[in-house]
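This briefing covers the contacts between aromatic rings in one protein model. Please keep the structure open while reading.

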Amino acid sequence: MSLRKEKLLSLTGVDVNIASDEKLHQLFKDVMKYGMHGIGFSAYEEGQEPGDPLNEEQIRRRMAILAPHTNWVRSFSCKDGNELIPKIAREFGLKTLVGAWLADDHEKNQEEINALVELAMHGYVDIAAVGNEVLYREELTEVELLDYLKGVKVQLPNTPVSYVDAYYEFENRPELTALCDVILTNCYPFWEGCAQEYALLYMKDMYRRTKRAAGDKPVIISETGWPDKGASFHGAVPTKHNAMSYFINAQKWSAEDDIPMFYFSSFDESWKVGDEGDVGAFWGLWDKDEKLKY
């Protein structure tokens, strides 16, 4: 049994939904000390947004903050400085889930894919993710996405290649599921309006449904999280208490049932308010100034 699992198992029996704020803060500190399987790397500082160039100093500074608390980091693009993330992660002894960002611009998509393949060929990629929620956003057809996946798999025969999307996409698209080497599923009870008290049960059901669709392929939760500020979404309410409770429950379950999970996200990023509303800026465990929130 891993030390992380042993330590987190010792926290069972605590009902975080009725725990005091003082108890929650202590549990949060304990869970952070014992560490996470993985976390999404939030690269953009205040005033930056995707497309702005990232520099080595900001990535290295943030990686140093995350490294004591995680075994893996996930990146979302291979351009504009994002290609430095897996390289610097290696310096800190971390494994990498590296994504090529795909959208409706095929020329830019090919640039992303070429950069992903180059990183993998140089040993910086443990799992390659060809696209993130591009079907959900309806920016590519399934046929177009499958073509991209097939092309990357040919070039990277020794690297697990997959695609990231909501759990139900893998239920509804068996050809896509069959092509992926590992299933990378995003599970967000918050975005389905689930109250935090029931969110862990809801996520477990999302995971079980993905496992059924995956057959004998490994399933990794590539994103899950809970915001601490912003507008409610039906029964899902963003508060510090709910965010801490969800994080603690998710990490305990990850350890208890050996569920590989990437938490979303590391740092708050203000640019995310566009598509998600004000709640989009508050998914980090650390705030925009890189201070641990809880």
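The model is predicted. It contains 18 aromatic pairs.

**Tyr207 and Trp253**

- The ring centres of Tyr207 and Trp253 are 5.6 Å apart and the ring planes meet at 90°; since planes over 60 degrees apart count as edge-to-face, the pair is edge-to-face.
- Tyr207 belongs to helix H9 (residues 196-214) and Trp253 to helix H10 (residues 240-256), so their contact ties together parts that are 46 residues apart in sequence.
- Tyr207 has a relative accessible area of 11% and is buried.
- Trp253 is also buried, at 3% relative accessibility.

**Phe267 and Trp286**

- For Phe267 and Trp286 the ring centres lie 5.5 Å apart with the planes at 40°, so this pair is tilted.
- Phe267 is in the loop between strand E8 (261-263) and helix H11 (273-276), while Trp286 is in the segment after H11, so the pair ties together parts 19 residues apart in sequence.
- Both Phe267 and Trp286 are buried.

**Charge over a ring**

- The ring of Phe267 also has the charged end of Arg62 sitting over it, 4.4 Å from the ring centre.

**Aromatic cluster**

- One aromatic cluster is formed by Phe76, Tyr188, Phe190, Trp191, Trp226, Phe233, Tyr246, Phe264 and Trp283.

Methods. Residues are numbered from 1 along each chain as its sequence is written. This is a predicted model: local features need pLDDT of at least 70, side-chain atom pairs count only at pLDDT 80 or more; totals for chains, interfaces and linings use all residues. Side-chain values use heavy atoms; hydrogens and water are left out. Rings of Phe, Tyr and Trp (its six-membered ring) pair if their centres lie within 6.5 Å; planes under 30 degrees apart count as stacked, over 60 as edge-to-face and the rest as tilted. Helices (H or I, at least four residues) and strands (E, at least two) are DSSP runs, numbered from the N terminus. Buried means under 20% relative accessible area, exposed over 50%, partly exposed in between (1.4 Å probe, protein chains only). A charge sits over a ring if NZ of Lys or CZ of Arg is within 6 Å of the ring centre and within 35 degrees of the ring normal.
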